[in-house]
Amino acid sequence: VEIGTIAYRSYQQQQAQQKQSQAAQSSSQPKLNEKYSHSQLDRLQLPQLTSDFSKGESKVTIETTEGTITAKIFNKYAPLAAQNFLTHAKEGYYNNTEFFRVVKDFMIQGGDPENSGQGGQSIWASDAHRDKKIDPGTGFKNEIDPHLYFIRGAIGMANAGPGTNGSQFFIEQSSSDVREQISNKSSYPTKIYQAYKNGGTPSLDGNYTVFGQVVSGMDVVDKIASAAVKNNPNAENEKSLPEAPVKITKITIQNN
């Protein structure tokens with residue numbers, strides 16, 4: 001499951017040739033939130049921008065061999081992805097899995113019991129929870145919501161295209177100011193546009209599901225992303241395969 005390869009390539013180009021990269025990154029931006037005026041977007045609740053836990057959000061503690069990450073899961077705005085992640089977590093599906101793909105200044109990816117980037121399935125593809133209306137066997141649909149964006153610390157579903165979400169997820173790690181990658185500021189809430197000063201990947205907005213946000217432990221995410229890596233045969237030989245992968249040992253959940 002090749003999350004954000006196009007976005008990552010654009011990021012690399014931006015480092016070398018900023019103007020060309022900006023044009024490449026902005027190509028999909030004008031259609032984002034096209035049903036909303038800028039004033040409407042500015043009135044939306046933006047739960048990623050607060051560390052408080054509201055009703056309908058779940059608090060999760062992701063224990064790893066590098067430290068603990070605490071996050072909130074947005075049951076209200078991404079109900080399928082939230083239910084899928086939380087059920088997998090409760091059932092221990094993610095226990096002892098690795099962050100098998102890490103790209104510094106982009107993201108860390110996990111959630112694959114095969115630790116290859118090629119495995120994993122949604123809860124609705126399993127015998128215990130099977131529902132072909134939600135997942136016909138190829139994955140479940142994307143959930144794009146104007147309240148959620150790929151700012152630093154966002155947790156998103158990894159997939160191989162629309163309607164192919166399974167179990168893999170990633171955490172946005174970039175800490176660079178990426179606001180120049182946004183050509184159409186009016187397609188974003190003002191506070192989200194400003195949040196991109198602290199990092200993220202706006203080219204993923206509208207293309208992948210955001211279902212959570214790290215509220216503490218970004219130092220752990222940064223450590224994982226900074227690990228020594230080698231060529232990854234499952235990701236077009238990009239340098240993203242950790243030499244000593246960090247594992248998820250346990251995920252605990254507290255519902256509000």
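This is a predicted model: local features need pLDDT of at least 70, side-chain atom pairs count only at pLDDT 80 or more; totals for chains, interfaces and linings use all residues.
**Entry 1: the cores**

I looked up the largest nonpolar core and found 34 residues in it. Val-60, Phe-85, Phe-99, Ile-108, Phe-169, Phe-211 and Ile-251 are the ones that touch the most other members. I then listed the elements that give two or more residues to this core; among them are strand 1 (57-64), strand 2 (67-74), helix 4 (79-90) and strand 7 (169-172). Helix 4 gives the most, with six residues. I also noted a second, separate core of 26 residues, which includes Val-103, Phe-150, Ile-151 and Tyr-193.

**Entry 2: Phe-85**

Which residues does Phe-85 contact, leaving aside its neighbours within four places in sequence? I found Val-60, Ile-62, Ile-73, Tyr-94, Phe-169, Phe-211 and Ile-251. Phe-85 has 1% relative accessibility. Buried means under 20%, so Phe-85 counts as buried.

**Entry 3: ring pairs**

I counted eleven aromatic pairs. Phe-85 and Phe-169 make an edge-to-face pair, with 5.4 Å centre to centre and 90° between the planes. Phe-85 lies in helix 4 and Phe-169 in strand 7, so this pair ties together parts that are 84 residues apart in sequence. Phe-169 is buried, at 1% relative accessibility.

I next checked Tyr-149 and Tyr-188. Their ring centres are 5.4 Å apart and their planes stand at 45°, so I wrote the pair down as tilted. Tyr-149 is in the loop between strand 5 (107-110) and strand 6, while Tyr-188 is in the loop between strand 7 and helix 5 (190-195), 39 residues apart. Tyr-149 is buried at 1% relative accessibility, and Tyr-188 is buried at 0%.

I also traced a cluster in which ring pairs link Phe-85, Tyr-93, Tyr-94, Phe-99, Phe-169 and Phe-211.

**Entry 4: salt bridges**

How many salt bridges does the structure hold? I found five.

Glu-57 and Lys-72 form one of them, at 3.7 Å from N to O. Glu-57 is in strand 1 and Lys-72 in strand 2, so the pair ties together parts 15 residues apart in sequence. Glu-57 is buried at 7% relative accessibility, and Lys-72 is buried at 0%.

Glu-238 and Arg-101 form another, at 2.3 Å from N to O. Glu-238 sits in strand 10 and Arg-101 in strand 4, 137 residues apart. Both are buried.

Conventions:
Residues are numbered from 1 along each chain as its sequence is written. Side-chain values use heavy atoms; hydrogens and water are left out. A nonpolar core is a set of buried Ala, Val, Leu, Ile, Met, Phe, Trp, Tyr and Cys residues joined through side-chain atoms within 4.5 Å. Buried means under 20% relative accessible area, exposed over 50%, partly exposed in between (1.4 Å probe, protein chains only). Helices (H or I, at least four residues) and strands (E, at least two) are DSSP runs, numbered from the N terminus. Contact means heavy atoms within 4.5 Å. Rings of Phe, Tyr and Trp (its six-membered ring) pair if their centres lie within 6.5 Å; planes under 30 degrees apart count as stacked, over 60 as edge-to-face and the rest as tilted. A salt bridge is a side-chain nitrogen of Lys or Arg within 4 Å of a carboxyl oxygen of Asp or Glu.
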